Amino acid sequence: MDKQLPELKVNMLGRFSITYGDQPITFKRNSATKAVKLLQILLHSSLTENQGNGGISRAQLLDDLFGREELANVGNNLRVTVFRLRKMLIEAGLPEYDYIVKEKGVFYWRSPMKTDLDVVRFVELIREGEQAEEKAKKMELWEQACRLYKGELLPMQSGEDWVIMNSVHYKEKYSKALRSLCEYKKEQQEYDTILELTDTAMEIYPFDEWQSVKIDALMGMNRYKEAYQLYDATSRMFFEELGITPSERMMNQFQEMSERMGRTYHAAGEIKEDLKETGV
């Protein structure tokens, strides 16, 4: 690996982008082409440890790349796709190099420069946090991980089996870390951080009730009007999009907000009925 070459930065969480040094890498062809899909598979399988020793077997690569298509000669199609990808990388501004290596039936991504993948950094931060003995250090690492997480893995390829499987895995890590982090920040009364983190989570996963965590923080800051407005907006969204009412936890939060704002239990019940009548 040439340490003099700029670093190749690859993002797959929430979006797909590649930057070589300060230069964004773009491809002339559509980003859904087989060559770019091959690039994504090779980068992910070679750089992430949850694939074993890295790399991907020829059989698995063929399945991930062509599994749902009926092709007369998938082997030839793979060779053509590899050739196209190498050509695309050079045309996009990367140094002359093979990049796609096959050893003993396993395909790998190889590059003359360091390749940084956001998925790898995310997983490493989660793991380091799990291993940290001091709670403050654990939460510091998990906050870095949560801020790095910009969305699900390769959303433009969300129908691909390998993407679905890994996306679920990363979401579980993100959700678990963020819930623990928000509980810790609540104990520390660092409500502004909770608001910031839950805003991102609500944007990525609007139906996972991160609104409830944000409502807790707003109530901790005595911002009851904003908490009520968020509850109201969330209730409407759940009803209009999913045809369901909020969870028991959010209903309890609503009651607590009502009581803290000086309403009686009876008044809170009336407001709930009003919400139901308006389709919330």
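Predicted model: local features only at pLDDT ≥ 70, side-chain atom pairs only at ≥ 80, totals over all residues.
In helix 9, the buried residues are Tyr224, Ala227, Leu230, Tyr231, Asp232, Thr234, Ser235 and Phe238. Helix 9 covers residues 224–242, and its 19 residues should span 27 Å at 1.5 Å a residue; the end C-alpha atoms lie 26 Å apart, which agrees. Just after helix 9 comes Gly243, with a positive phi of about 70°.

Two pairs of packed helices can be described next. Packed helices are described by the angle between their axes together with the distance between those axes. For helix 1 (residues 34–47) and helix 3 (residues 74–91), the angle is about 85° and the axes are 9 Å apart. Because angles of 65 to 115 degrees count as roughly perpendicular, helix 1 is roughly perpendicular to helix 3. On the helix 1 side, Lys34, Ala35, Val36, Leu38, Leu39 and Leu42 meet Thr81, Val82, Arg84, Leu85, Met88 and Leu89 of helix 3. By residue class, this contact comprises 9 nonpolar, 1 polar and 2 charged residues.

The second pair is helix 4 (residues 118–131) with helix 6 (residues 161–187), whose axes come within 11 Å and cross at roughly 45°. That angle makes helix 4 oblique to helix 6, and the crossing is left-handed. Helix 4 contributes Val119, Phe122, Val123, Ile126 and Glu130 to the contact, while helix 6 brings Tyr170, Lys173, Tyr174 and Ala177. Here the contact residues divide into 7 nonpolar and 2 charged, with no polar ones.

Notes:
Residues numbered from 1 in each chain as written. Heavy atoms only, no water. Axes fitted to C-alpha atoms, helices over the stretch in contact; angles between N-to-C directions. Helix = DSSP H or I, 4+ residues; strand = E, 2+ residues; numbered from the N terminus. Parallel < 35°, antiparallel > 145°, perpendicular 65-115°, else oblique. Left-handed = near helix turned anticlockwise from the far one by under 90°. Contact = heavy atoms within 4.5 Å. Nonpolar A, V, L, I, M, F, W, Y, C, P; charged D, E, K, R; others polar. Expected span 1.5 Å × (residues − 1). Buried < 20%, exposed > 50% of the residue type's maximum accessible area, 1.4 Å probe, protein only.
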